[in-house]
Protein chains: 2
Amino acid sequence: MKRVTLEEVARVAGVSRATASRVVNGASSVDESLRHAVQKAISSTGYLPNIAARSLVTRRADAIGLLLPDERRMDGDPHLASVVSGVTRVVRPLGIHLVLMMTGPGTREQALSDLRCGRLDGVILVHTDPADPVPGQLIAAGLPVVLAGRPLRPMPITYVDVNQTAGAALAGRRLKSLQRNRIATITGPQDTAAGQDRLAGFLAEVPDAVVVHGDFTRQSGIAAMERLLRCCPDVDGVFIASDLMANGAIPVLHRNGRKVPADVAVVGFDDSSAALTSEPELTTVRQPISDMAAEMARQLLRQIEQPRSPATSVMFEPSLVVRDSG
Amino acid sequence: MKRVTLEEVARVAGVSRATASRVVNGASSVDESLRHAVQKAISSTGYLPNIAARSLVTRRADAIGLLLPDERRMDGDPHLASVVSGVTRVVRPLGIHLVLMMTGPGTREQALSDLRCGRLDGVILVHTDPADPVPGQLIAAGLPVVLAGRPLRPMPITYVDVNQTAGAALAGRRLKSLQRNRIATITGPQDTAAGQDRLAGFLAEVPDAVVVHGDFTRQSGIAAMERLLRCCPDVDGVFIASDLMANGAIPVLHRNGRKVPADVAVVGFDDSSAALTSEPELTTVRQPISDMAAEMARQLLRQIEQPRSPATSVMFEPSLVVRDSG
DNA sequence: CAGGATTGGGAGAGCGCTCTCACGCCAATC
DNA sequence: GATTGGCGTGAGAGCGCTCTCCCAATCCTG
């Protein structure tokens, strides 16, 4: 149960600690026979490098943070698992840890100091409040950050997003191709980039659409659909800016005697699990969340490798998943 | 941008590094005036302790791991966010990091070595495969572990679970109180403790129930309900061992002309987000996931504090959430 | 074959922190 | 007034690792 140190490995292999270290780190130019001796010593002693010691000298934590909004705001967020899995895919093979931080009082400041004291090499920020000063502080300090989703106000920060506008346009074209001519949309919150872009992209395609506002939550989808039916009973096609809202809205249609998609075609956005638990299953705009998360991880690693490299943004193309609702 | 070290704080405060360290760690007996001087020096220099250096000597990583099944098996797991948030609540105030690891090739071995090399102080294992040797190895090595859910085969390991049997009995009593007399159940996988217990608990209450097997996934709920209706068309009450299965099963009932709950009452299990996205909303057995997760974290911390302390298990009581489906 | 260039390996200096230990100081005791 | 005890403080020894020297050995080149 005693710890094996590099010192001991070196002793067993009959080399110096420096050489043993070179072998461990796969470094250059070690004689083949010595390399073998060290490797044998490593496996015979069961040596594992002490990360803290390494970290102390390399000034790398080999850990990145994932800052998430808290449970309440996630509202059964369909994405969390996909995000984690995408990031993990990139980061694990490099032995880098993924530290999860759910937003709560003082979390972001916590993350900031973790970054400063070298406990974290970088962070990925998800669903950041536009008023949050932390992203700004981070980039000001030249610390590696990547945002999930375009920030509302332009800032020199790296982010990864899906082309929300194009996605909404996809939905608009779909509804038009279904020969719907009384088309409406239930929007996301207009103080987020995603909410704004999905509306703008849809209106570009269907300029005369009726607009009812929601905030991405299921509850707001229910309320919005009720309002919509009241003000516009002859609606025959709706683009709902999140699957979660659509999931709440469809039962409202049923209760009001509308068949989906016969009477009202519905197209959602996200292709989250809510798309499959809806009846009928949702036609929706898919974002490649897991791939986007992987890209965020890559962007972050690049920044860690090359500090103060210029901010870039990567845009993914959405696709339409046709199911039964529209 | 240069790092501030304890050395420097000490210099500024005019004390020795040892004394500065005592102040930082809130330790015993430092003269009030010196304490003040050090605190002033800390804030004026913006000092943050280097965790790696501390970790190197304390042999504590101040990080715990959360081992999760991979994305596919989570199947839009309703729990992930709650688990994370429960653990976070306990762990954050102590400055302990939560490292997320999704199961993939070699993940568990990875976790094991992270533990051994002191990169992680302990791990919480969620949804462990009964055949998985890792939990056994961990306890054999005397490393701190907590399981989410009772292990299938009894082993001397600390775990936190909900009283599954009692929960299923709750569901059984509910269906009986609704005067149903042709009662069935769709089970979870019988190679998991949860699957077994929910069936046993239900049968204890409704011994003559018709049993159809599922595996907790939505898809299996659909298939199981189809089978059930074929073999037992006069069924008027069903306990479905997971909300996700129930979510899939209810549309099957509708398609076959059954009203829920008028013709067939449905009770689920989990009180996950799937309970709310069902139509009608599910009556279900609630597990206090977030509280359970918090308790797991506490148990783990206790083990870290007192290694080789005896394994304990904590059981939470489930409750029935009555909604519209039964 | 001499001289320089190249290469592999070892010694050792830290990285920033904690913690033991010993010392100095002052109050309490005889 | 000398001795004891306690308490606060500082000196310094590591924790386990990486990495920069520097030296020895080998290689090439004219």
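The model is predicted. Around DNA strand C there are 29 residues, with A:Arg22, A:Ser29, A:Leu34, B:Leu6 and B:Tyr47 coming nearest. Around DNA strand D there are likewise 29 residues, and here A:Leu6, A:Tyr47, B:Arg22, B:Ser29 and B:Leu34 come nearest. Within chain B, the helix pairs considered are H11(B) with H12(B) and H1(B) with H3(B).

**Surface near DNA strand C**

- Of the atoms of DNA strand C that come within 4 Å of the protein, 63% belong to sugar and phosphate.
- Four helices each supply at least two residues of this surface: H2 (17-24) and H4 (51-58) of chain A, and H2 (17-24) and H4 (51-58) of chain B.
- The largest share, five residues, comes from H4(B).
- By class, the surface near DNA strand C consists of 13 nonpolar, eight polar and eight charged residues.

**Phosphate contacts of DNA strand C**

- An N or O atom in the side chain of A:Ser16 is 3.1 Å from a phosphate oxygen of DNA strand C.
- B:Leu6 places a polar backbone atom 2.4 Å from a phosphate oxygen of DNA strand C.
- For B:Tyr47, a polar side-chain atom lies 2.4 Å from a phosphate oxygen of DNA strand C.

**Phosphate contacts of DNA strand D**

- An N or O atom in the side chain of A:Asn25 is 3.1 Å from a phosphate oxygen of DNA strand D.
- In A:Tyr47, an N or O atom of the side chain is 2.4 Å from a phosphate oxygen of DNA strand D.
- B:Ser16 contributes a backbone N or O atom, which lies 3.1 Å from a phosphate oxygen of DNA strand D.

**Surface near DNA strand D**

- Two or more residues of this surface come from each of H2 and H4 of chain A and H2 and H4 of chain B.
- H4(A) gives the most to the surface near DNA strand D, with five residues.
- The residues of this surface comprise 13 nonpolar, eight polar and eight charged.

**Packing of H11(B) and H12(B)**

- Helix H11 (residues 218-231) and helix H12 (residues 243-255) of chain B have axes that come within 7 Å and cross at roughly 45 degrees.
- The two helices, H11(B) and H12(B), are therefore oblique to each other, and their crossing is right-handed.
- On the H11(B) side, the contact is made by B:Arg218, B:Ser220, B:Gly221, B:Ile222, B:Met225, B:Glu226 and B:Leu229.
- On the H12(B) side, the contact is made by B:Leu244, B:Met245, B:Asn247, B:Gly248, B:Ala249, B:Val252 and B:Leu253.
- Eight nonpolar, four polar and two charged residues form the contact of H11(B) with H12(B).

**Packing of H1(B) and H3(B)**

- The axes of helix H1 (residues 6-13) and helix H3 (residues 32-45) of chain B come within 8 Å, crossing at roughly 125 degrees.
- H1(B) and H3(B) are therefore oblique to each other, and the crossing of these helices is right-handed.
- H1(B) brings B:Val9, B:Val12 and B:Ala13 to the contact, while H3(B) brings B:Ala37, B:Val38, B:Ala41, B:Ile42, B:Ser44 and B:Thr45.
- Seven nonpolar and two polar residues, with no charged ones, make up the contact of H1(B) with H3(B).

How values were computed:
Residues are numbered from 1 along each chain as its sequence is written. Chains are lettered from A and ligands numbered from 1 in the order in which they are written. This is a predicted model: local features need pLDDT of at least 70, side-chain atom pairs count only at pLDDT 80 or more; totals for chains, interfaces and linings use all residues. Side-chain values use heavy atoms; hydrogens and water are left out. Axes are lines fitted to C-alpha atoms, for helices over the stretch in contact, and angles run from 0 to 180 degrees between N-to-C directions. Angles under 35 degrees count as roughly parallel, over 145 as roughly antiparallel, 65 to 115 as roughly perpendicular and the rest as oblique. A crossing is left-handed if the near helix is turned anticlockwise from the far one by less than a right angle, and right-handed if clockwise. Contact means heavy atoms within 4.5 Å. Ala, Val, Leu, Ile, Met, Phe, Trp, Tyr, Cys and Pro count as nonpolar, Asp, Glu, Lys and Arg as charged, and the others, Gly among them, as polar. A residue is near a molecule or strand if one of its heavy atoms lies within 4 Å of it. A polar contact is a pair of N or O atoms within 3.5 Å; within protein, one must be able to donate a hydrogen and the other to accept it, and residues adjacent in sequence count only if both atoms are side-chain atoms.
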